[in-house]
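Hi there,

Here is the structure I promised to pass on to you. Please open it beside this email and follow along as you read.

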Amino acid sequence: MGRISFFLKEAFGSLRRNFFMTIAALVTVFLSIVVLGGVLVFVYTTDALLKEVEQKVEITVYLNTDPDPSQEEIDALSAEISGWKEVKNSVFVTKQEALDRLKEDFADNPEILEGLTGNPLPASFEISLVDPTTVDSVASRFEGNSIVDEVRYGKEIADKLFSATSWLRNLFVAAIALLGIVAVLLISNTIRLSIFARKREVEIMKLVGATNWFIRWPFIIEGVTVGLIGAVFAAVVVLVLNSVLIGRISENLTFMSVPLDAVPNVIVTVILLAVGVGIGAVGSAIGLRRFLKV
Amino acid sequence: MIKFEDVTKIYPPSTVGLEKVTLHIEKGEFVFLVGPSGSGKSTFIRLLIKELEPDRGRVSVGGRDLASLRRWKIPYLRRNIGCVFQDFKLLPNKTALENVMYALLVTGNASHDSKKKAIEILNLVGLGHKEESFPTQLSGGEQQRVSIARAFVNHPPLLIADEPTGNLDPETSMGIMQLLYRINKTGTTVLMATHDREMVDRMRRRVIALEEGKVVRDQKRGGYGED
């Protein structure tokens, strides 16, 4: 029996002996990590949603109708747009296609379009961008172009969306940091209670000449074990709930496609387990600190 | 082995623990530390294992000035001082054997070796047949024997016993005393704080009497009271 197996035996022995304390610590870790995992899942999902919405920020460039630009002018502009590195994709919509779309949109009440003579609709370019934040600068390039009538890109919507998403992300980062601190405090407090019950034991160990690390290792192994087990349960609950809830939500939210695979299960699991182990270890180290001063 | 030079310890605000105590204890001596409760016996012992720091003066053990001993080295000091207490201070969740082995394990000794040593020492204190018993399953005298076995298993040059017979009946106390006497015979310095008048008178060893933190008597072959 080497040192390590001695420490392991000590740790598991006292986990068994202090069964109720172990359960209390386990439940605390479990709950903290479920909440943390919930926030993580929420962050990943909303992040994916926001990215998708951001992708939908398109620039629509309406061309003049009176007179309509010549094919050469259109080709020239098309080539120019395709040359910009900010542009991901550019689609030219002819006057006829625009009219077809309109007819399709009003297919249920065609009487609205009955009075329409000829085709008053402009041709347009629909441009999607690599990075949605460049929308302003790309849009401004059409100013003064002789064949362009109007540029639309929902500037306000775009701006609001960007400020909201960055604000939300900051909020989530803050929430996660706060939760982490709360979890460590809860764990160290639970462990302090369990150590307090064994205060005398620690005193005796010190009197016999045990070094602080010799006393500390079994407690840290205990903390890590509790943290790991709590985190495993929490990770299972979080991932199962995630797949169930996302399924439900995407059934009900038809106007927006909720990305089902937004949450990287492996990464979330690794994060939750690491946090569990971390708070277990840090918690027992903090909880033990007071009692090692003899 | 032990040197106190003009040692004073005051517990805040103004309770005197020890006052200007100067004394030497040589290697291999057997010394009784006597005096009423609150006379400074426990303070004396706690200074020796550096559980307390003196306010003035110097304490040295084995030629080493404790003031210069770094905090992280305290465990190494304590491994060289066996301690026996009135309340035994055994780890409640460990068997007699495991309690003795713990003192060996903290020093980093290989384990099958430590098991052998621990069994030997339990046999020596007459508890070879109770090695698997937990402290609650042992009588007071037996618990004290385990605690002596633990204190002595590393063969420390110094053994301190703080009222080791305080909770035991006279007959059991006698057995404990004989054990300490035998340990002393192996060359280990033994310092024993006690209230046990009869025991001190019978043993006729060096007696250091404390009163209100001061040494009032230091006698080579003394009794509990003045002769």
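The largest nonpolar core has 101 residues. A nonpolar core here is a set of buried Ala, Val, Leu, Ile, Met, Phe, Trp, Tyr and Cys residues joined through C-beta atoms within 7 Å. A residue is buried if 20 or more other C-beta atoms lie within 10 Å of its own, exposed if 12 or fewer, and partly exposed in between, with C-beta atoms placed from the backbone. Among the residues with the most contacts inside this core are Ile33(A), Leu33(B), Val100(B) and Ala149(B). Helix H8 (residues 212–252) of chain A gives the most to the core, with 10 residues. (Helices are DSSP runs of H or I with at least four residues, strands are runs of E with at least two, and both are numbered from the N terminus.) There is also a second, separate core of 7 residues, including Val61(A) and Phe125(A).

Before going further, a word on what you are looking at. This is a predicted model, in which local features need pLDDT of at least 70, side-chain atom pairs count only at pLDDT 80 or more, and totals for chains, interfaces and linings use all residues. Residues are numbered from 1 along each chain as its sequence is written, while chains are lettered from A and ligands numbered from 1 in the order in which they are written. The pLDDT is the predictor's confidence in each residue, from 0 to 100; its mean for chain B is 90, and 98% of the residues of chain B reach 70 or more. For the complex, the predictor gives an ipTM of 0.84 and a pTM of 0.70.

Back to Leu33(B). Leaving out residues up to four places away in sequence, Leu33(B) touches Lys41(B), Phe44(B), Leu191(B), Met192(B), Ala193(B), Ile208(B) and Leu210(B). Two residues are in contact if their C-beta atoms, placed from the backbone, lie within 7 Å.

Now find the sheet in chain B. It is open, has 4 strands in the order S2-S1-S4-S5, and its pairing is antiparallel. Strands pair if DSSP finds at least two bridges between them.

You can walk through the pairs:

- S1(B) and S2(B) are joined by 7 bridges, with Val7(B) opposite Val21(B); their hairpin has 3 residues between the strands.
- S1(B) and S4(B) pair over 5 bridges, and Lys3(B) stands opposite Ser60(B).
- S4(B) and S5(B) share 2 bridges. Ser60(B) faces Asp65(B), and Val61(B) has Arg64(B) as its bridge partner. In this hairpin, Gly62(B) takes a positive phi near 60 degrees.

Helix H1 (residues 41–48) of chain B lies across S1, S2 and S4, running at about 115 degrees to S1(B). That angle is taken between N-to-C directions, from 0 to 180 degrees, with axes fitted to C-alpha atoms, for helices over the stretch in contact.

Lastly, look at where the chains meet. The contact takes 14 residues from chain B and 13 residues from chain A. Helix H2 (74–79) and helix H3 (96–105) of chain B each supply at least two residues to the chain B side.

Happy exploring!
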